[in-house]
Amino acid sequence: MFGRDMCQTAFDLRVLHLPCKEFLWNADSSHEWVGYIDGQQEYPSFLETLRIFLDPKKQFPVLSPLSSMFILHGLISVGYDLHRRSSPIGPSPEETAAKQARLLRAYEKWATYYEMNVSQHLSQSCNNRNMVMYHAAYISLHTNIHNLTTVAGDTRTYKRSPERGDYYRAKAELQQWANSGSSQLATWHAAQILVRSLNRTHVYLELFHVPWCMYIAALVCWAYGQLSPSAVGPGGLPEASDDKAVWDAHQDMRVYLGQMSTDSWESLPRAGGHRRTAGLIAVVKNTLEGVRWGLTHGSVDVLRRLDGSGAGKGV
């Protein structure tokens, strides 16, 4: 429609420019706008800026809040491309690990820039929406979402009817994930998403990315609780009551997230209570039932089946 070629990765966007600065959009007259334009230097393109964040030696550029989010999405697309190229005929595991480490440093560099130059100029609700995307970036880099949704019973990504072997293959790989540091890091970031988004749904549910990230975050917490090692440190949650009339899903969810929101992901295994995800699943399911998008309705069906199974109410 716009005369542009289709692209597979962010690196195909060679001549795309970042959005103009806010003062240009806010000019009150054409004369004021021209005055602003005449005094402006040419800013780096989207791809040039993306490479700045991928290079730890380069200094931060000056970006608007909108441009900073474009760069975050560009980094996320690099992560998706890295996943797609990870195959027996693709780069070696060592090369893939080196690229992933470089991308993680880029995420950290972006977060530092955002905290120093962007967050203080935005409202708390806007910051929370942006940081949901940041935490989702870590989940996508450390979790095979296809395996996660398959084991949870969400088969919408299959082009054909999945077979029993598909499930067992996905579960075996997800079991390996649950016994690795990647699962701890992904679960920690999933908890951050849910802390930032739950109980503020009247603000966030109109944005499609927030309900979807909430759904994936809930599945990550559920999978970690179901498949991770049973070793639990002190301070675990109390046993769940058998009396359903006494059980409070919201309270269960709040206690769970309080324990999973540790200072860092490395301390997550010592938090305890990671198997108690029933309250979380129930609350996320009830929250997403109010979203009108069809894709989210399918997610609610998956969460309803997990909720109905009663899994995760014990320690």
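**Helix packing and aromatic pairs**

Helix 6 and helix 9 are roughly antiparallel to each other (angle over 145 degrees). The model is predicted; local features need pLDDT of at least 70, side-chain atom pairs count only at pLDDT 80 or more, and totals for chains, interfaces and linings use all residues. Residues are numbered from 1 along each chain as its sequence is written, and side-chain values use heavy atoms, with hydrogens and water left out.

The axes of helix 6 (residues 124–142) and helix 9 (residues 181–197) come within 9 Å and cross at roughly 160 degrees. Axes are lines fitted to C-alpha atoms, for helices over the stretch in contact, and angles run from 0 to 180 degrees between N-to-C directions. Residues of helix 6 in contact (heavy atoms within 4.5 Å) with helix 9 include M131, H135 and I139. Among their partners in helix 9 are L185, W188 and I193.

Helix 5 (residues 93–117) also packs against helix 6, with axes within 11 Å and a crossing of roughly 170 degrees. These two helices are therefore roughly antiparallel as well. In helix 5, the contact residues include L103, Y107 and W110. Those in helix 6 include M131, Y134 and Y138.

Aromatic pairs (ring centres within 6.5 Å, using the six-membered ring of Trp) number 9. F53 is buried (under 20% relative accessible area), at 1%. The rings of W110 and Y134 are stacked (planes under 30 degrees apart), at 5.7 Å and 25 degrees. W110 lies in helix 5 and Y134 in helix 6, so this pair ties together parts 24 residues apart in sequence. W110 is buried at 0%, and Y134 is buried at 9%. Ring pairs link Y107, W110, Y114, Y134 and Y138 into a cluster.

Methods
Helix = DSSP H or I, 4+ residues; strand = E, 2+ residues; numbered from the N terminus. Parallel < 35°, antiparallel > 145°, perpendicular 65-115°, else oblique. Phe/Tyr/Trp six-rings, centres within 6.5 Å; stacked < 30°, edge-to-face > 60°. Buried < 20%, exposed > 50% of the residue type's maximum accessible area, 1.4 Å probe, protein only.
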